[in-house]
Amino acid sequence: MFDYLRLSEAIADVLRARKAETAVAPERLAVPVPGGVLLCMPAADADVAIVKNITVHPGNRELPVIQGEVLVLDAATGRKLAVLDAGELTARRTAAVSLLAARLLAPRPAGPLCLFGAGVQARAHAEAFAQGLGVTDVVIVSRTQKRAEGLAGELAGEGIAARVETGAAAAVRDAALIITATTGREPVFPDAVRGDVFVAAVGTFTPEAAEVPASLVSRAALFVDDMASARGEAGDFLRAGVDWGAVTALEDILDAPPRPAGPVVFKTVGHALFDLAAAKLACRA
């Protein structure tokens, strides 16, 4: 299994490098295309430069939702070091970011874990949380029963116990960890969760879309992967009308994690620095 714990630590390191101004990544460029969006995401530190180009087509059924590649260059000379599959890299680094946040913030990190979605992101998160947090109890909720059952079977083959639940309310009732990895534009579960739940909302990145109920966002401790990007793209928070002064960036809690009372919601919209961390790790493997 891929080493998600090691990647989560590499992501923490690159966030520290940004605070030290030794790693840089501008906000990503988004270009609408029919049925989706084209994203361009460059980043660099003293050693490596990358450019990630992907398309995101939420309506894809026979093809992956995310397709593209990551070009990895030697920062000092521009020499090409590698070309990586962007879909796989995105899934792994997103799961590792969620793992890092859960390691820092989740009151009950061992689970149970509830997954919304049954695609590449959901699988990566199940693997990451099993490896990095010791999660052994996974519940899967998906609009497509066949895909949910297929994912449960795949995880069982990796030694991760998983079952399918058709009702969102029943699935989240006892969950200590919730991952939303869908392309839905409306909340995928009701605000009927336990008081110490940790939620990582990873599936959407537009201001109009929200996977998490606004009522839960309004009463939770709020964290984001990147403050600048979240202010423009985190629909889960924007639709809830959050006070951004009460939202904390992941990089600000790396060395002194808080212990919030009540639910925790972590929103990730993605950032090229995480791709940089994953690309560097891949090139060293």
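Okay, let's start with the sheet: eight strands, open, in the order β9-β8-β7-β10-β11-β14-β12-β13, with parallel pairing. At the edges stand β9 (162-164) and β13 (247-249), each with a single partner strand, so one side of each has no neighbour in the sheet. On average, neighbouring strands here are turned by 20 degrees against each other, direction ignored.

A quick word on where this comes from. The model is predicted, so local features need pLDDT of at least 70 and side-chain atom pairs count only at pLDDT 80 or more, while totals for chains, interfaces and linings use all residues. Residues are numbered from 1 along each chain as its sequence is written, and side-chain values use heavy atoms, with hydrogens and water left out.

Strands (E, at least two residues) and helices (H or I, at least four) are DSSP runs, numbered from the N terminus. Two strands pair if DSSP finds at least two bridges between them.

Strand β7 (residues 113-116) runs parallel to β10 (residues 177-180), and four bridges join them. Cys 114, for instance, has Ile 178 in β10 as its bridge partner. Then there's helix α3 (residues 120-133), which packs on the sheet, touching β7 and β10, with its direction at about 165 degrees to that of β7. Touching means heavy atoms within 4.5 Å. For the angles, axes are lines fitted to C-alpha atoms, for helices over the stretch in contact, and values run from 0 to 180 degrees between N-to-C directions.

Next along is β11. With β10 it pairs in the parallel sense over four bridges, and Leu 177 has Phe 198 as its bridge partner there. With β14, β11 also pairs in the parallel sense over four bridges, and Val 199 stands opposite Val 265 in β14.

So what covers the faces of β11? Phe 198 and Ala 200 on one side, Val 199 and Ala 201 on the other, are all buried. Buried means under 20% relative accessible area, exposed is over 50%, and partly exposed lies in between (1.4 Å probe, protein chains only).

Leu 38 sits in strand β3 (residues 36-45) and, at 33% relative accessibility, counts as partly exposed.

Last one: Asp 13, in helix α1 (residues 4-19). Asp 13 is partly exposed too, with a relative accessible area of 46%. How far apart are Asp 13 and Leu 254 in sequence and in space? They're 241 residues apart in sequence and 9.4 Å apart in space, C-alpha to C-alpha.
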